[in-house]
Amino acid sequence: MNLQQLVEALDAQILSGDIVGAFDKFAAEDCVTKSNAQDITRSKAQKLEILNWFFHNIAVTNKIERTALQVGDNVTESQFVFDFVNRQGQPMVFNEVIRRTWKAGKIVEEQYLMDQ
């Protein structure tokens, strides 16, 4: 698959609600993820642990929408709106760009740019 096909397949899995499965399928074992200087993971296993914890606390998914996509040489940027309600009944709405760096068909770095 070329990069366009890879990101389309990944984003389709996310849009179906299988965010954890999508990351597990497409991330390299040594994938680094970051939101800011304090929020960095250095392996797929570490990020999967965080994702599983996060989604265990989600009661309702109201909407997952991809609003934009850009594909470069080895970098893709997918803009999403995620609208969840946690188990405490609090709404959690995220508008973010997920910038991914790819190598050999796998994500090697994923950066979350909030409110972009």
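# Briefing on a predicted protein model

Leaving out residues up to four places away in sequence, Asp 115 touches Asn 95 and Glu 96, where contact means heavy atoms within 4.5 Å. The structure is a predicted model, in which local features need pLDDT of at least 70 and side-chain atom pairs count only at pLDDT 80 or more, while totals for chains, interfaces and linings use all residues. Residues are numbered from 1 along each chain as its sequence is written, and side-chain values use heavy atoms, with hydrogens and water left out.

**Overall build**

- The protein has three helices and six strands, where helices (H or I, at least four residues) and strands (E, at least two) are DSSP runs numbered from the N terminus.
- Followed along the sequence, these elements give the pattern α-α-β-β-α-β-β-β-β.
- The radius of gyration is 14 Å, close to the 13 Å that the globule rule gives for 116 residues, so the protein is as compact as a globular protein of that length; the radius is taken over C-alpha atoms, and the rule is 2.2 Å times the number of residues to the power 0.38.
- Along its principal axes, the C-alpha trace spans about 40 × 25 × 25 Å.
- Among contacts between residues at least 6 apart in sequence, 46% join residues at least 24 apart.

**Surface and charge**

- Of the 116 residues, 36% are buried; the term means under 20% relative accessible area, with exposed meaning over 50% and partly exposed lying in between (1.4 Å probe, protein chains only).
- The accessible surface comes to about 6,600 Å², of which 48% belongs to carbon and sulfur atoms; accessible areas come from the Shrake-Rupley method with a 1.4 Å probe, and for residues only the protein chains shown count as cover.
- There are 12 positive and 16 negative side chains, and the centres of the two sets lie 2 Å apart. Lys and Arg count as positive and Asp and Glu as negative, while His and the chain ends are not counted, and the place of a charge is taken as NZ of Lys, CZ of Arg, CG of Asp or CD of Glu.

**Aromatic rings**

- Rings of Phe, Tyr and Trp (its six-membered ring) pair if their centres lie within 6.5 Å, and planes under 30 degrees apart count as stacked, over 60 as edge-to-face and the rest as tilted; by this rule the protein has eight aromatic pairs.
- The rings of Phe 55 and Phe 84 have their centres 5.6 Å apart and their planes at 85°, so this pair is edge-to-face. The pair links distant parts of the chain, with Phe 55 in helix α3 (residues 44-56) and Phe 84 in strand β4 (residues 75-86), 29 residues apart.
- Phe 55 is partly exposed, with a relative accessible area of 23%, whereas Phe 84 is buried, with a relative accessible area of 2%.
- Phe 84 also forms a tilted pair with Phe 94, at 6.5 Å centre to centre and with 55° between the planes. This pair joins strand β4 to strand β5 (residues 91-103), where Phe 94 lies, across 10 residues of the chain.
- Phe 94 is partly exposed, with a relative accessible area of 23%.
- Ring pairs link Phe 54, Phe 55, Phe 80, Phe 82, Phe 84 and Phe 94 into a cluster.

**Individual residues**

- Ala 104 is placed in the loop between β5 and β6 (106-114) and is exposed, with a relative accessible area of 81%. Its phi is near 55°, a positive value in a residue other than glycine, and most residues other than glycine have a negative phi.
- Trp 53 is found in helix α3 and is exposed, with a relative accessible area of 62%. The C-alpha atoms of Trp 53 and Gln 5, which are 48 residues apart along the chain, are separated by 29 Å.
- Val 71 lies in strand β3 (residues 58-71) and counts as partly exposed at 34% relative accessibility. Leaving aside its neighbours within four places in sequence, Val 71 is in contact with Leu 3, Gln 4, Val 7 and Thr 76, while its C-alpha atom is separated by 16 Å from that of Leu 113, 42 residues apart along the chain.
- Asp 115 is in the segment after β6 and is exposed, with a relative accessible area of 65%. The C-alpha atoms of Asp 115 and Asn 62, 53 residues apart along the chain, are separated by 18 Å.
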